[in-house]
Amino acid sequence: MAENKPIQHHATTLDEFLAPIRERLGHTGNEPKPVFDANLAKTPHVTDELDQAALIDRFCAEAAALGTELSRCTRENVGRTVVHVVQENGAGRIILPSHKIFDELDITQKLEAHTANEVYRWDPEAGRERNIELAASANIGITLVYAAIAETATIVQPCSPKCGRSVSLLPSVHIAIIDAKTIVPAMRDVLARLEADRAAGKDIASQTVFISGPSNTADIELVRVEGVHGPTKVTYIIVED
């Protein structure tokens, strides 16, 4: 009986690895490589052909289906709206990102004006452990999202030196502020925007989280339980012009 010996082929590149396979298939390796057109891979979505106002309405409807509370306001009264939502959720210790837009929108000032609130900012200079400690002891974490997906009421939350992922993960309540202009139809639109940012040389987050409503699981006997690995409550605030 002839002994079966493995073919010895020490490839250092992908082309060298594929060369024997190409040869057996009768290919020369000079054939033009197909170009993938992402537009051809698009599938129909329920959000196709919706204008921006309809996208916002769709996002709101999907958020309600997820059990996510939602408020809509203008830039002029976003500070008052945030205070109202915070009070509805028991106030207490609050942690914010260190983005300057929270000051520009008068959110920080209005929160600090209510003495019942203990407001902290995520401080890159304070060190990782101190920031995580404050987030873990906070009742409410407030963030500004990168984008939102109308099809699934999903928010896109980047991690950055000004806002660690603990702000949206560790407090009991997560309040996410959404610029209405950033609501897009589907996941592919967010990925396209991220790719455009990368191509333009913008700083890309070390981690980007996609959040759809409050933390929940139904792994045990299909019984839905919320707050297992994240906030028990998520509230969206949509800011419209």
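Student: What share of the contacts in the chain with a separation of 6 or more is accounted for by residues 24 or more positions apart?

Tutor: In this predicted model, such residues account for 74% of those contacts.

Student: What makes Thr47 a buried residue?

Tutor: Buried means under 20% relative accessible area. Thr47 has 2%, so Thr47 is called buried.

Student: Where is Thr47 found, and which residues is Thr47 in contact with, leaving aside neighbours within four places in sequence?

Tutor: Thr47 is in the loop between helix 1 (14-24) and helix 2 (52-65). With those neighbours left aside, Thr47 is in contact with Leu55, Arg58, Ala150, Glu151, Pro185 and Ala186. Each contact means heavy atoms within 4.5 Å.

Student: Why is Cys60 called buried?

Tutor: The relative accessible area of Cys60 is 16%. The cut-off is under 20%, so Cys60 is buried.

Student: What about Cys163, buried or exposed?

Tutor: Cys163 is buried, because its relative accessible area is 3% and buried means under 20%.

Student: How many disulfides does the rule give?

Tutor: The count is zero.

Student: How much of the chain is buried?

Tutor: Buried residues make up 34% of the 241 residues.

Student: How many helices and strands are there in the chain?

Tutor: The chain has eight helices and twelve strands.

Technical notes. Residues numbered from 1 in each chain as written. Predicted model: local features only at pLDDT ≥ 70, side-chain atom pairs only at ≥ 80, totals over all residues. Heavy atoms only, no water. Disulfide = S-S within 2.5 Å. Buried < 20%, exposed > 50% of the residue type's maximum accessible area, 1.4 Å probe, protein only. Helix = DSSP H or I, 4+ residues; strand = E, 2+ residues; numbered from the N terminus.
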